[in-house]
Amino acid sequence: STPAGPAWLSLATGAPIVFGTCLRAPDGRYQARLFPPLLPEGDAGDAGAVRALTARHTELLEREVRQRPESWFWLHKRWKTAPPQGEA
C-alpha cells in the first residue's frame with residue numbers, strides 16, 4: 001500500500017530521496033527538519049531494489065509518526081489494504 005514511485009524515480013535517475021518533516025512548535029511556529037539523503041542502490045528495473053528503497057523511506061516516515069502520532073492525520077487509507085500476494 002506504499003507508492004513505489006519515489007524509489008523508482010530515484011533509482012532511475014540516481015537522485016537521492018530527501019525526507020523531511022514540518023512540525024508545529026509550542027509557540028505556533030513550524031520547525032522544518034530534513035534528514036540525510038537516501039542514496040539509491042541498484043536499478044529501477046530491479047523490483048527488489050525498488051522495494052528496498054521504498055522500505056528505507058517508509059521506515060523514516062514510520063519512526064516520525066510513532067514519535068509524534070498527534071501530529072499526523074491521514075486523509076487516505078494507506079494501511080487499510082493488503083499488498084498483493086507475495087509482496088509482503
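**Figure 1. Antiparallel pairing of strands E1 and E2.** In this predicted model, strands E1 and E2 pair in the antiparallel sense over five bridges; two strands count as paired if DSSP finds at least two bridges between them. Gly20 has Leu34, in E2, as its bridge partner. The two strands form a hairpin with five residues between them. Within the turn, Gly28 has a positive phi of about 95°. The model is predicted, and local features need pLDDT of at least 70, side-chain atom pairs count only at pLDDT 80 or more, and totals for chains, interfaces and linings use all residues. Residues are numbered from 1 along each chain as its sequence is written, and side-chain values use heavy atoms, with hydrogens and water left out.

**Figure 2. Order of the elements along the chain.** The protein contains two helices and two strands, which run α-β-β-α from the N terminus on. Helices (H or I, at least four residues) and strands (E, at least two) are DSSP runs, numbered from the N terminus. Of the 88 residues, 23% count as buried, a term that denotes under 20% relative accessible area, with over 50% termed exposed and values in between partly exposed (1.4 Å probe, protein chains only).

**Figure 3. The aromatic pair of Phe19 and Phe35.** The structure holds one aromatic pair. Phe19 and Phe35 form this pair in a tilted arrangement, at 5.4 Å centre to centre and with 50° between the planes. Rings of Phe, Tyr and Trp (its six-membered ring) pair if their centres lie within 6.5 Å; planes under 30 degrees apart count as stacked, over 60 as edge-to-face and the rest as tilted. Phe19 lies in the loop between helix H1 (5-13) and strand E1 (20-24), and Phe35 in the loop between strand E2 (30-34) and helix H2 (47-67), so the pair ties together parts that are 16 residues apart in sequence. Phe19 is buried, with a relative accessible area of 8%, and Phe35 is buried at 14%.

**Figure 4. The largest nonpolar core.** This core has 13 residues, of which Leu11, Phe19, Leu38 and Leu53 touch the most other members. A nonpolar core is a set of buried Ala, Val, Leu, Ile, Met, Phe, Trp, Tyr and Cys residues joined through side-chain atoms within 4.5 Å. H1 and H2 each supply at least two residues of the core, and the largest share, six residues, comes from H2.

**Figure 5. Surroundings of Leu11.** Apart from its neighbours within four places in sequence, Leu11 is in contact (heavy atoms within 4.5 Å) with Pro40, Glu41, Gly42, Asp43, Ala44, Ala49, Val50 and Leu53.
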